[in-house]
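Work through the exercises below with the coordinates open. Each task is followed by a solution in steps.

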Amino acid sequence: MQRGLQSCETCELLSQPVDGATSGRCPRCGQPVEFRKARSLQRTWALILAAAICYVPANLFPVLSTVTIEGAESDTIMGGVVLLWSPSGWPLSLIVLVASIMIPCGKIVALIHLLLSVQRGSIKNREERVRLYRLVEVIGRWSMVDVFVDTFTVALVQLQPLMSVEPGPGLFFFATVVVLTMLAVASFDPRLIWDSNNQKEVRHA
């Protein structure tokens, strides 16, 4: 940034904007480029805090309600993990535990760690933090799998009046958590991780 060069997030081409301009378009792929995403930290904080708040009801409220001739039964995410845990069903139980509980929680913690380290101007472990951001970004693309599975289950298991499956309020909050964390990852500008180091280099030059 000190040399007046902008990096394209799509094709990673370095280009120089028109004099006085802070944003423009990549000459190779045509995508918008700018020195830094505007209000990246503020928007990421707002989205990740909203995701953290929604994470609580997502795990407390039932995600699916099964209605049979014997009555209705509702299950939370953790309830489903416990229900599936058996000698033959433990792999599926483990997948639900990792995909629906551990990964969303891990994404929230990882993004908060990145935000705090950027705001503190930390220059330690920059490469590891960039790799952490890329890992969170990749995982986020698959976070909706669990929501899709539950949605398909609700759509397919409709054997009325014998049996039906209905979505619970927990599924709405869980989908909200997934969307908010994906937006938070997209709002975070990973170039901020290197800014603190560049500023120190300028001071020591």
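**Exercise 1: a helix pair**

Helices H1 and H6 run roughly antiparallel to each other. The model is a predicted one.

Task: Derive this orientation for H1 and H6 from the crossing of their axes.

Solution.
- Take H1 as residues 40-60 and H6 as residues 169-187; their axes come within 8 Å.
- The axes cross at roughly 160°.
- Angles over 145 degrees count as roughly antiparallel, and H1 and H6 are therefore placed in that class.
- The handedness of this H1-H6 crossing is left-handed.
- On the H1 side, the residues making the contact include Leu47, Ile48, Ala51 and Tyr55, and on the H6 side they include Phe173, Phe174, Val177 and Leu180.
- Sorted by class, the contact of H1 with H6 holds 14 nonpolar, six polar and one charged residues.

**Exercise 2: the setting of valine 118**

Task: Is valine 118 buried or exposed, and which residues beyond its neighbours within four places in sequence does valine 118 contact?

Solution.
- Locate valine 118 in helix H3, which spans residues 90-120.
- Its relative accessibility is 14%, so valine 118 counts as buried, the cut-off being under 20%.
- With neighbours within four places in sequence left aside, valine 118 touches Leu41, Arg129, Phe188, Leu192 and Ile193.
- For leucine 192, the separation from valine 118 is 74 residues in sequence, yet 6.5 Å from C-alpha to C-alpha.

**Exercise 3: the whole chain**

Task: What share of the 205 residues in the protein chain is buried?

Solution.
- The protein chain has seven helices and eight strands.
- Of its 205 residues, 37% are buried.
- The chain exposes about 12500 Å², with 65% of that supplied by carbon and sulfur atoms.

How values were computed: Residues numbered from 1 in each chain as written. Predicted model: local features only at pLDDT ≥ 70, side-chain atom pairs only at ≥ 80, totals over all residues. Heavy atoms only, no water. Axes fitted to C-alpha atoms, helices over the stretch in contact; angles between N-to-C directions. Helix = DSSP H or I, 4+ residues; strand = E, 2+ residues; numbered from the N terminus. Parallel < 35°, antiparallel > 145°, perpendicular 65-115°, else oblique. Left-handed = near helix turned anticlockwise from the far one by under 90°. Contact = heavy atoms within 4.5 Å. Nonpolar A, V, L, I, M, F, W, Y, C, P; charged D, E, K, R; others polar. Buried < 20%, exposed > 50% of the residue type's maximum accessible area, 1.4 Å probe, protein only. Areas by Shrake-Rupley, 256 points an atom, 1.4 Å probe, with all protein chains shown as cover.
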